[in-house]
Amino acid sequence: MNDLFALLPEYAGAHLELSLAALAIATAIAAPFGIAVTRRPRLAPALLGAAGVIQTVPSLALLALMVPLFAVVGGFTARHFGIEIRAIGAGPALVALVLYGVLPILQNTVAGLRGVDPAACEAARAVGMTPNQSLWRVELPLALPVLVAGVRTAAVWIVGTATLSTPVGATSLGNFIFSGLQTRRFAAVWLGCIASAALALAIDRAIRLLEQGLQQRRRGFVWASLALFASLVAGVALARASVAPSGTAPVVTIGAKSFTEQYVLADVMAGFIERGTGARAKTLPSLGSTVLFDALRNGEIDVYVDYSGTLWASVLQRSGAPGSRAAVLDDVRRTLAAEHGVSVVAALGFENTYALAMRAKRAAELHVETLSQLAGAAPALEIGADYEFLSRPEWRALVDAYGFAFRKSRSMDPSLMYQAAAAGEVDVISAFSTDGRIAAFDLRVLRDDRGVIPPYDAVVLVGSRLARERPDVVAQLARLAGAIDAATMQRMNAAVDQQGRAPADVAREWLDAHPD
Amino acid sequence: MAAIELDAVSKRYGDAVAVDRLSLRVEAGELLVLVGGSGSGKTTTLKMVNRLIEPDAGTIHIGGRDVCSEPAPQLRRRIGYCFQQIGLFPHLSVAENVAVTPQLLGWTPTRIRARIDELLALVELDPAKHRDRAPSELSGGQQQRVGLARALAAEPEVLLMDEPFGALDPQTRETLQERFQSIRRALNVTTLFVTHDMGEALALGDRIAVLDRGALVQLGTPAELLRNPATESVAHLVATPRRHAERVDALLRAAERPA
């Protein structure tokens, strides 16, 4: 637990900062538009409609869509104005959260202004107020409670949705939730949820106090509210200070996909780099798998581990017979260097292949040992796969080669997939061959008898900036070649998934056991 | 004090004519009542004087000055306005409500404070007790007293009143009518007053203008209207209070007769 609490100031600080910034910007945008709508009713359908449409986009998708959008905009500004905009991180998260917060504030501003007693408006005109004076002295004060209710709704939405900004590379309390779900550390999930709920309530309370104070003209309330905001902001500052005691920016940013093996490897690489070169390394865990390669190519992260078969199919877009392990690795190495400026500096020494797995007992009952045999039984079976597997080229290649036609297929979180197979809720799953749960849950990996699935060597990828600026770091990483075999990886994965250990602990243990 | 002059003023809404080439003169210091049924154009006429409604045609002068010769907000600061819904600002105290127009005119705080107390006393609200109250803490009658104080606050040249006592209970209405009449006489302020209550019109008006479908039917003192009604409908209208009285009288006599 202590390792989790140690991360709390950083995560909560970043979460709060992101949320407050989004809320302030959303209010600054939505309130004036809300006022404009009531002055020019013809604008109303277009503006409220647009805000409503944004709201219907699922929040996770809205956040993820910001990344390619930012990449395009960033490319444009870099070319024409020399301004670099990062496609991952707080930028896209902030914009998505602002868009998300606009609707409730806009709607409530309009509703609040339209709900002002017409007699008060008539009186305001009759006593000689100009339209502006009427707005500021009469209409806005009377609409304030409804407007503020909208801001409070937006605050709660934004703080909650900010937990989803982890996969686009923004640090938030979602880091606890995403990594906790993947590594089955439910204490982390709980901590993330409780902390974000507490933040939401604190912000809501502070806004409510401010409103009451202004409305009832009670200075005490206004001061209390400002004190609450100030202590929240001070909390951010303190968190900042505790995170970066040395004040030096990290030199190497290490990305990780959102599963256990990737968390462990990111921590292994960070420790290995710091120990060997003294360069400060930072990990950026739980990034979306498609986000990672682009982030590496754009120089937003410097290092991450990918798998040769994945790169061969998704990035190189090869299909057909993959060939030998060495041939695929070689193809990937040469193509990435030539076309993307990305170096493959080490093959770690194990494969983590996509594999189809079943409960051993069920496989025996059905006499299924190979994928060809599985194809015969498939029409009676249900397959469960991680989010991306069913849309990956490997799956299409499998279907083409074996003619799979399952009774039903469903996507689920990879951390729940193995349990679902063990409990018999699905018959077949898309397993990762290094996952410790294959053995733990008595699952059986079915043999790819036609050799369709490409080899999946775990490889360390390095972006061009790091290769240019820190050859010493690259040389150190190259020493990881062949350092981790499949059994070691499986054991480390199991230590996290089965024994509930923290990935950082497991990584430290490996580093301690492998002195230079 | 300034006179109000309307010259061939018209207002239409689409095809409907609300006010039809109406000409009217309210003498300085006079209270002129506009009466008529719903849709007779009396409220539209009143609101065109302070340009809450802009006329389509015709001219209106106050004290010889065209109301369109200056921006509407400036004009309205020189005109007191009191209406049935009262329209006190609920987020402001009684004193702040009264102070609104003087503040817009840039009076000094000292002058405003003195004026607030003077006006509250005028409308018979104890300043010490009522100054800092919220409008919601007052009765309907007290609210309209504050409404009247607000209308008079900036020493207006003219006063426009749109059924100001229409929503009050009969007893409160009578007390306020009397109080208003004595204030008006004391200040000698030119007043245009809209009502559909003929009893109120006869009791308060120096002269009464009867409107029907946006046009003037008859203009005269209460006595003239009672003596020589111009049309059947005017006769019926001015007779309303008397009919009421007779009905009450008959009821009283019936009640007094031994069973």
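A nonpolar core, as the term is used on this tour, is a set of buried Ala, Val, Leu, Ile, Met, Phe, Trp, Tyr and Cys residues joined through C-beta atoms within 7 Å. Please keep in mind throughout that the model is predicted.

Begin with chain A as a whole, whose C-alpha atoms fill a box of roughly 90 × 55 × 45 Å along the principal axes, and colour it by secondary structure to bring up its 22 helices and 10 strands.

Next, select A:Ile254, A:Val303, A:Val460 and A:Leu477, which touch the most other members of the largest nonpolar core, a set of 227 residues. Helix 4 of chain A, residues 90-114, is the element that gives the most to this core, contributing 14 residues.

Stay with A:Leu477 and display its surroundings: leaving aside residues up to four places away in sequence, A:Leu477 touches A:Met269, A:Ile273, A:Val303, A:Val345, A:Ala346, A:Val460 and A:Val462.

Finally, turn to the contact between the chains, which takes 13 residues from chain A and 17 residues from chain B. On the side of chain A that touches chain B, select helix 5 (118-126) and helix 6 (131-161), the elements that give two or more residues to it; helix 5 of chain A gives the most, with six residues. Colouring this side of chain A by class will show nine nonpolar, two polar and two charged residues.

Technical notes
Residues numbered from 1 in each chain as written. Chains lettered and ligands numbered in written order. Predicted model: local features only at pLDDT ≥ 70, side-chain atom pairs only at ≥ 80, totals over all residues. Buried ≥ 20, exposed ≤ 12 C-beta atoms within 10 Å, placed from the backbone. Helix = DSSP H or I, 4+ residues; strand = E, 2+ residues; numbered from the N terminus. Contact = placed C-beta atoms within 7 Å. Nonpolar A, V, L, I, M, F, W, Y, C, P; charged D, E, K, R; others polar.
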